[in-house]
Amino acid sequence: MSVAGRRTVAGITFVVLAAAAAVGAVAAASPDVRTVHVRLEHSRFVVDGDPAVRPGDTVRYVVENTDPIAHEFIIGDRAVQRAHELGTEAYHPPRPGEMSVPAGAVLETTFTFPTEPGSLILGCHIPGHYAYGMRVDIPIG
Amino acid sequence: MRPGRIARRALAIAPLFVLLTAVPALACGGLVTPNGTVNLVRTTTLAAYHRGIEHYVTSFEFAGKGAGEVGSIVPLPGVPTKVVPAGEWTLQRLLQEVQPPTLRFAAASEAVVPGAADAVVLFETEIDALDITVLKGGGDAVGRWASDHGYFLPPDAPEVLDFYANRSPIFLAARFNAERAAEEGVRRGQGTPIHVVVPTPNPWVPLRILALGRQPTELIEADVFLLTDRRPATLPQAVEANGDPRQQGLIQEVSDLASSPLLSDLSSDRGMKWVPDDGMWLTYLRINETAANLQHDLAIDASGYGQPDPVAAGYVDPVPVVDPGIARGLWFALGALVVLLVLGGIENRRRSSGGGLPA
C-alpha cells in the first residue's frame, strides 16, 4: 500500500474511533442511564429508592453483598426465574442483568428494560433463597 | 456416692440408655448441611447454672459416612473456659426423671421429625470424633468462617448469626471428622455428648438457632432441662402443660426441687462433680413450636429477683457500646466546652466589674 493509501486508512480509522468514543461518551453521560444501588442483606434485596423503571430504561445496578454467603442477581420474567430455579449453572459469569455475587463482593451490571409496560422480577436462585423471599418485583411503566 | 451404689444406678439406667441411643439427639444448635436440607430431630439440652457458671450439656449425632459437611453452630452466652466430653448418661438420666421409661420408649418411635473482620478462633479441641472450634466474631465474620470451612449456610443464616452476635459474639462450631469416626467405629445416629462450661452473669439458652434453615410452618421439638440454685424465672414465660402432647409453645412440664437421687446420679457422672447434693431446682421445658414463632431465646434469671433479661431472650436489641476512641473524643470536647464557658464567665465578670483595659 502506498503512503497515501496508508494515510487514508489511518485517517478513516481515526475518524471511526473518534466517532465511537463520542457515541460512548454520550451514552455514559446520558441522563437515561440511571444508577441504582442494591444491597444483599440478610438474604433480602434492599433496593435504594423505588425499584420501578420506565419502559426502555437502561439501569446500571451497583450490587453490594453484605452477607457472608453468596447470592445471585437475576433480572427477568417468570420464565427466566423458573429456568434459573431449575437450572444447574452453579456460577453465572456477569452478563446484562445476571450475575453471581460472592460474599462481600460489590459488582455492577447494566440492564435495558423492555419498551413495553409490565414487570420483571429480581431474584436469587441459590437453593432455598428464592423461596426464603429473595425476590423483588420491578414494575415497568 | 459409694462404688456399689454407682454400679446399681448405672445398671438401672443402662437399659434406658440403650433404648435412648436409638433416639437421635442433636445439639441445641443450627444444623448446616451441604444441600440446604436440614434434618433436625428432637434435641435435648441441659443448661445448668450454679455459682455464676453455666454448664451446657448437649449431644451431637453422627450423620453417617459421606456427611462430612454436616456441622452445627451453637451460640454461647460467653467465652467457655472448657469444652469437654460430657457424662455418659446425664441427658438420659434427666429424661428418665421426667418421663417414665415406658412412655419414653413409646415416644422414641415418634421422636424423629422430618425433616469483614475475620472470626477469631479462641480454641479448638477434639472430643471423640468431633472437631470443636470456639469462635469469636460478628455474624458476618463467623458466617464467612463457616463458609470457608465447608459449612453450608441456609438463607436465614446471615440474619440469625447477626441476631446472636449482637448479644454475644461467641459461637461453638462442631463437626464430625469422618476419618476419626470410622477409626472409632462411630455409628450413624450415635450421639457424642459435650459439656461446655461458660462463666456468665446472664445465662440463656439458644432456641432460635433451632429454627435455622427450617420452613416457617415446620414444628421444632426440643427438651430443655434447667438446673438452678433457685426457682428460675424465664423469658418467655413457659405455659403450664395441659397434658395434650400436641400442645404448642414453650411448655413447662416440671418445675420442682430436684430430687436427691437425681442430683446424686448426676454428680456421679463424668465432669458433673460440681452438682451439689441438694437444693437445686429442676425445670423441664418442652418446646413444640413452629419455626416462624421460634424467633427468641430463653433468658433465665436464677437470682430470685424474677427479672429475666429481655436482651438475653432476644426481644430487645442490646444498647450499642460506644467505641472507646469516640468516648474519649466526646469527653475531650465536653471538657473543652466547660473550659471555654468558665473562661467566658471570668471575662464577663472582669468586664462588668470595670476591669477591662483602659480606653
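B:I170 touches B:L76, B:G78, B:V79, B:V134 and B:K136, leaving out residues up to four places away in sequence; touching, or being in contact, means that the C-beta atoms of two residues, placed from the backbone, lie within 7 Å. Keep in mind that this is a predicted model, where local features need pLDDT of at least 70, side-chain atom pairs count only at pLDDT 80 or more, and totals for chains, interfaces and linings use all residues. As for the labels, residues are numbered from 1 along each chain as its sequence is written, while chains are lettered from A and ligands numbered from 1 in the order in which they are written.

- You'll find B:I170 in strand β8 of chain B; strands (E, at least two residues) and helices (H or I, at least four residues) are DSSP runs, numbered from the N terminus.
- B:I170 counts as buried because 22 other C-beta atoms lie within 10 Å.
- The cut-offs go like this: 20 or more other C-beta atoms within 10 Å of a residue's own makes it buried, 12 or fewer makes it exposed, and anything in between is partly exposed, with C-beta atoms placed from the backbone.
- Between B:I170 and B:A141 there are 29 residues in sequence, and their C-alpha atoms are 11 Å apart in space.

**The strand around it**

- Strand β4 (residues 71–76) of chain B pairs with β8(B) in the antiparallel sense over 6 bridges; to count as a pair, two strands need at least two bridges found by DSSP.
- Within that topic, B:P75 has B:F171 in β8(B) as its bridge partner.
- Strand β7 (residues 130–136) of chain B also runs antiparallel to β8(B), joined by 7 bridges, and here B:V134 stands opposite B:L172.

**Over in chain A**

- Chain A has 3 helices and 8 strands, in the order α-β-β-β-β-α-β-β-β-α-β from the N terminus on.
- It has 141 residues, and 28% of them count as buried.
- Look at the contacts in chain A between residues at least 6 apart in sequence, and 66% join residues at least 24 apart.

**Where the chains meet**

- Chain A brings 11 residues to the contact and chain B brings 13 residues.
- On the chain A side, the residues that touch chain B split into 6 nonpolar, 4 polar and 1 charged.
- Here Ala, Val, Leu, Ile, Met, Phe, Trp, Tyr, Cys and Pro count as nonpolar, Asp, Glu, Lys and Arg as charged, and the others, Gly among them, as polar.
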